[in-house]
Amino acid sequence: MVRLDLPVLSGHDLPLQAAASQWAWITILREAGWRNPAIFALEYTLVPDGKYPTQLDQTVAGYDHVCHIIKNPSRICLAGDSAGATLQLSLLLHLSKSSHSGKRLPGFATLISPWATLVTPKNRNTPSDYLNADSLHLYGRQYAGTATNLKEPLVSPGMCKDREWWMRASPLEGFCFMYGSEEVFGPEVRDLIALLRRSGCAVRVREEPGQVHAWPVVSLFLAETQAERTKGLRDLTKMISQAINPEYELIDGV
């Protein structure tokens, strides 16, 4: 029987899915007290090879697979950066539409620099960030497929202004957001955080001064020292441990 005390369903645009990166995070999770964490790396079709709802369907299938193994969704932590984090937000909104949503919601969601609203004038270039707003809007339109879909919350989660829907969609222990103060998505991420808090959701936030898009992931490859490379993952792990107790008494099959 599989015995996992922290299953993480991870969707990423940047290479956090690389074996070395996953092993680094597993090591940090174990140091934090998790006995047997596991990362389920979600691979989804990129545009232009696929568009909505292909990627959301793949994300739902990945979540269903993890739930089949774990049995107890409250032990699952969603994780993602950039468009991967967008898909995790879309997944939560999707799950909350089910009559059995309360039984299927994960325990926590960790979102690194989510692309909250695909096309918006608030996504603006900054002097520091490496992303380009015009290119992002092109990719966003390719993913949505139609102008109508760009207004659909399951496609562009930042378009959901329904507080009750977000409350139903909230993981049992809430959300964690990590992003850089200088990134293109900053204004929309702040707006989403404010909306979630007004909706009554539990939200933990780490806005890193002077940093760019997906800084915890970028730091793994570009930072000079080991401490700097793993700082983001250690901060993320600390917030996960505060939300889901590593000392949970594990029972076979749950």
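Predicted model: local features only at pLDDT ≥ 70, side-chain atom pairs only at ≥ 80, totals over all residues.
Me: Where does Thr 120 lie?

Reply: Thr 120 sits in the loop between S4 and H5. Residues are numbered from 1 along each chain as its sequence is written, and side-chain values use heavy atoms, with hydrogens and water left out.

Me: Why does Thr 120 count as buried?

Reply: Buried means under 20% relative accessible area, exposed means over 50%, and partly exposed is in between, using a 1.4 Å probe and protein chains only. Thr 120 has 10% relative accessibility, so it counts as buried.

Me: Which residues does Thr 120 touch?

Reply: Leaving out residues up to four places away in sequence, Thr 120 touches His 137 and Glu 188. Contact here means heavy atoms within 4.5 Å.

Me: What makes Thr 86 buried?

Reply: Thr 86 belongs to helix H3 (residues 83–95). Its relative accessibility is 4%, so Thr 86 counts as buried. Beyond its neighbours within four places in sequence, its contacts are Pro 114, Trp 115, Ala 116, Leu 118, Val 155 and Pro 157.

Me: Why is the pair of Trp 115 and Phe 185 called stacked?

Reply: Rings of Phe, Tyr and Trp (its six-membered ring) pair if their centres lie within 6.5 Å; planes under 30 degrees apart count as stacked, over 60 as edge-to-face and the rest as tilted. In Trp 115 and Phe 185 the ring centres are 5.6 Å apart and the planes stand at 15°, so the pair is stacked. A search of the whole structure finds three aromatic pairs.

Me: Which parts does the pair of Trp 115 and Phe 185 tie together?

Reply: Trp 115 is in the loop between strand S4 (108–112) and helix H5 (133–144), and Phe 185 is in the loop between S5 and H7, so the pair ties together parts that are 70 residues apart in sequence. Trp 115 is buried at a relative accessible area of 8%, and Phe 185 is buried at 1%.

Me: How do you know that S5 and S6 pair?

Reply: Two strands pair if DSSP finds at least two bridges between them. Strand S5 (residues 175–180) and strand S6 (residues 203–208) run parallel and are joined by six bridges. Phe 175 stands opposite Val 203 in S6. From S5 the chain passes through helix H7 (residues 186–198) to S6, a β-α-β crossover that is right-handed. Right-handed means that, with the strands pointing away from the viewer, the path from the first strand over the helix to the second runs clockwise.

Me: Where is the kink in H9 centred?

Reply: The kink is centred on Gly 232 and is about 40°. The bend at a residue is the angle between axes fitted to the seven residues ending there and the seven starting there. Gly 232 is one of the buried residues of H9.

Me: What is the phi of Ser 113, and why does Ser 113 count as buried?

Reply: Ser 113 has a positive phi of about 45°, although it is not a glycine. At 0% relative accessibility, Ser 113 counts as buried.

Technical notes. Helix = DSSP H or I, 4+ residues; strand = E, 2+ residues; numbered from the N terminus.
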